[in-house]
Amino acid sequence: MTKTKRMIEECLGRIDVVIELVDARIPLSSKNPDIMRLCKDKPRMIVLNKSDLSDSIQNKKWLQYYREQGYHAILFDSKNKKKNSSNLLLDQIHNFCSEKTRKDTERGMSGKAIKIMVLGIPNVGKSTFINCISGSNRAKAEDRPGVTRGKQWISLQNGIDLLDMPGILWPKIEDQTIAEKLAITGAIKDNILDIESLSIKLLTILKENYEKSLRARYKITEDLPNDYYDLLCIIGKKRGFIVSGGQIDTERTAIILIDEFRAGKIGNFTLDVL
C-alpha cells in the first residue's frame with residue numbers, strides 16, 4: 001500500500017481528473033479516506049460501480065449524498081454493455097473537463113488528451129470497469145482482491161488517456177463494521193476474518209432490510225429466529241448441508257451465503273443503508 005501511495009503521488013502532477021470507484025453495495029465503507037487526502041487538489045469523480053448488484057432505491061440516495069458533498073457522482077454497471085454506459089461516462093468526463101479543454105485550445109494545445117487516474121479499493125471492479133470503457137481486455141479482471149500489481153497507461157477513444165493503479169486500502173481499518181462489510185463484498189481476502197461471523201453479520205443486515213428476498217431465496221416460511229446463528233442453521237438445513245450426526249455444516253452454509261450475495265443471486269442489496 002505504501003508503494004502504491006508513492007506511485008499515486010508521483011503521477012498526480014500529470015493527471016487532470018481522478019476517478020474514484022466505490023462499490024455501490026457499500027458506497028461509504030468502500031471509500032478510501034487516503035484517496036481524499038492524496039488527491040485533495042485534483043478534480044474528482046465518484047463512480048458507484050457494481051450498481052447492478054445494489055439496491056436501486058439506495059443507489060439514488062447515495063448519488064444525491066455524494067452530489068451534496070460536491071462530487072460529480074454517477075452510477076455504473078461494468079458488465080452490462082447494452083446500456084452503452086461507457087459512452088455516457090466518456091461524455092461526462094469531457095463535459096467535466098470542458099474548462100480545461102477550452103484553456104488548452106486558447107494556449108494552442110488543441111487536441112491534447114485528457115489524463116485520468118482510476119483509483120479504488122481492491123476488488124471494487126476496477127479492471128472490469130476499465131475494460132468496459134476501453135472496449136478491450138486491457139486490464140486483468142478477476143473476482144478477488146490484489147490482481148492489479150502495477151500502474152499502466154491505456155488510451156481510450158475521444159482523446160482520453162487513463163492511468164490504472166493497483167487497488168489501495170487504508171493501512172488501519174479501525175471501524176469493525178466497515179471491515180466486516182469490506183470482507184463480505186470481497187475487498188479483504190476471505191482468510192482474514194471468520195467466514196461464519198461474516199455470514200451472521202450479513203444475515204443481520206438482510207433480515208433487517210431485505211427479509212422478503214432472503215425468505216424467497218432460501219424458501220423460509222417459518223418465523224425467523226432472533227438468533228442469527230440459528231438462522232444460518234435454517235438456511236443450511238434448507239440446502240441439505242447436513243453432516244454425520246444430523247449436524248448442520250454451518251461453515252459450508254456461510255461460504256454459500258457469502259458467495260450468493262456477491263453474485264447477486266439472493267437479490268440486489270446495499271449494506272450501507274441511508
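Me: Why is Lys219 called exposed?

Reply: In this predicted model, Lys219 has a relative accessible area of 63%. Exposed means over 50%, so Lys219 is exposed. The residue lies in the loop between helix 9 (211-218) and helix 10 (228-239).

Me: What makes the phi of Lys219 worth a remark?

Reply: The phi of Lys219 is near 55°, a positive value, and the residue is other than glycine. Lys50 also has a positive phi, of about 60°, although it is not a glycine.

Me: Is Lys50 counted as buried or exposed, and how do you know?

Reply: Lys50 has a relative accessibility of 15%. Buried means under 20%, so Lys50 counts as buried. The loop that holds Lys50 runs between strand 2 (44-49) and helix 3 (56-68).

Me: Why is Asn32 called buried?

Reply: The relative accessible area of Asn32 is 0%. The limit for buried is under 20%, so Asn32 is buried. Asn32 is placed in the loop between strand 1 and helix 2 (33-38).

Me: Which residues are in contact with Asn32, leaving aside its neighbours within four places in sequence?

Reply: They are Glu20, Ile121, Ile168, Leu169 and Trp170. Contact here means heavy atoms within 4.5 Å. As for Glu174, which is 142 residues apart from Asn32 along the chain, the C-alpha atoms of the two are separated by 13 Å.

Me: What makes helix 7 (residues 176-185) mostly covered?

Reply: Of the 10 residues of helix 7, 7 are buried. These are Ala179, Glu180, Lys181, Leu182, Ala183, Ile184 and Thr185. Their cover includes strand 1 (17-23), helix 8 and helix 11 (250-262).

Me: Which residues have the most contacts inside the largest nonpolar core?

Reply: The largest nonpolar core has 54 residues, and those with the most contacts inside it are Ile19, Leu89, Ile93 and Phe129. Helix 8 (residues 195-209) supplies the largest share of this core, 6 residues. Leaving aside neighbours within four places in sequence, Ile93 is in contact with Ile19, Met45, Ile114, Ile116 and Ile160.

Me: What other core is there, and which residues does it include?

Reply: A second, separate core has 14 residues, among them Cys39, Met117, Leu163 and Ile168. Ile168 is also one of the residues in contact with Asn32.

Me: What does the secondary structure of the chain come to, and why is the chain called as compact as a globular protein of its length?

Reply: The chain has 11 helices and 6 strands. Along its principal axes, the C-alpha trace spans about 80 × 35 × 35 Å.

Me: How many of the residues of the chain count as buried, and what share of the contacts joins residues 24 or more positions apart?

Reply: Of the 274 residues, 50% count as buried. Among contacts with a separation of 6 or more, 66% are between residues 24 or more positions apart.

Conventions
Residues numbered from 1 in each chain as written. Predicted model: local features only at pLDDT ≥ 70, side-chain atom pairs only at ≥ 80, totals over all residues. Heavy atoms only, no water. Helix = DSSP H or I, 4+ residues; strand = E, 2+ residues; numbered from the N terminus. Buried < 20%, exposed > 50% of the residue type's maximum accessible area, 1.4 Å probe, protein only. Core = buried A, V, L, I, M, F, W, Y, C linked by side-chain atoms within 4.5 Å.
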